[in-house]
Amino acid sequence: MKVLVAANRRLAASLEQTLETAGVEVELVTEPAAAVSRLQAVEDVTLLDFDMKGLGGTRAVQLARSLLADRPLGVVYGRATPAMAARALSAGATGVIPEDLDAETLTAALVLLRNCHRFAI
């Protein structure tokens, strides 16, 4: 499985380390314009930082959903309320995931995403 991570540098590095530990191939994008460009060509799973400067929030989720069509979109957050998770899902996220998951749990979440199961953790 290959995962596109569109996130701020700190979160991107953290997710990259966790995902590579689990044997997942990762592509990082830390600039909003590059992220938008890459979203159009993603073949597998995308993880989008809900708080990414210049490409965050529900509008970014809506944009990503429009570019990804039916491909899976996971929204990653630092601190989220149930209301924020509901907004992200309503905006088009396939799943909503906290940024501090261990490798095993994150890998399980990616499997759910790849199979287009809707969820929030």
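Guide: Let us begin with contacts, where contact means heavy atoms within 4.5 Å. Not counting residues up to four places away in sequence, Thr94 touches Arg65, Arg71, Pro72, Leu73, Leu89, Leu113, Cys116, His117, Arg118 and Phe119. This is a predicted model, in which local features need pLDDT of at least 70 and side-chain atom pairs count only at pLDDT 80 or more, while totals for chains, interfaces and linings use all residues. Residues are numbered from 1 along each chain as its sequence is written, and side-chain values use heavy atoms, with hydrogens and water left out.

Visitor: Where does Thr94 sit, and is Thr94 buried or exposed?

Guide: Elements are read as DSSP runs numbered from the N terminus, helices being H or I of at least four residues and strands E of at least two. Thr94 is placed in the loop between helix H4 (82-91) and strand S5 (95-98). As for burial, buried means under 20% relative accessible area, exposed over 50% and partly exposed in between, with a 1.4 Å probe and protein chains only; Thr94, at 7%, is buried.

Visitor: How many helices and strands does the chain have, and what pattern do they follow?

Guide: The chain has 5 helices and 6 strands, and along the sequence they follow the pattern β-α-β-α-β-α-β-α-β-α-β. The radius of gyration, taken over C-alpha atoms, is compared with a globule rule of 2.2 Å times the number of residues to the power 0.38. Here the radius is 12 Å, close to the 14 Å that the rule gives for 121 residues, so the chain is as compact as a globular protein of that length. Of those 121 residues, 46% count as buried, and among contacts with a separation of 6 or more, 54% come from residues 24 or more positions apart.

Visitor: What is the order of the strands in the sheet?

Guide: In general, strands of a sheet pair through backbone hydrogen bonds, either parallel or antiparallel. Two strands are taken to pair if DSSP finds at least two bridges between them. In this model an open sheet of 6 strands has the order S2-S1-S3-S4-S5-S6, with parallel pairing. Its edge strands are strand S2 (25-29) and strand S6 (119-120), each of which pairs on one side only. Strand S1 (residues 2-6) and S2 are joined in the parallel sense over 5 bridges, with Val3 standing opposite Val26 in S2.

Visitor: Which residues of S5 point one way, and which the other way?

Guide: Gly95 and Ile97 point one way from S5, whereas Val96 and Pro98 point the other way, and all are buried. Strand S4 (residues 73-77) pairs with S5 in the parallel sense over 4 bridges, and there Val76 stands opposite Ile97.

Visitor: Where should I look for a positive phi in a residue other than glycine?

Guide: Most residues other than glycine have a negative phi, and most peptide bonds are trans. Ala69 has a positive phi, near 60 degrees, and is found in the loop between helix H3 (57-68) and S4, where at 47% relative accessibility this residue counts as partly exposed. Cys116 likewise has a phi near 60 degrees; Cys116 lies in the loop between H5 and S6 and, at 43% relative accessibility, counts as partly exposed.
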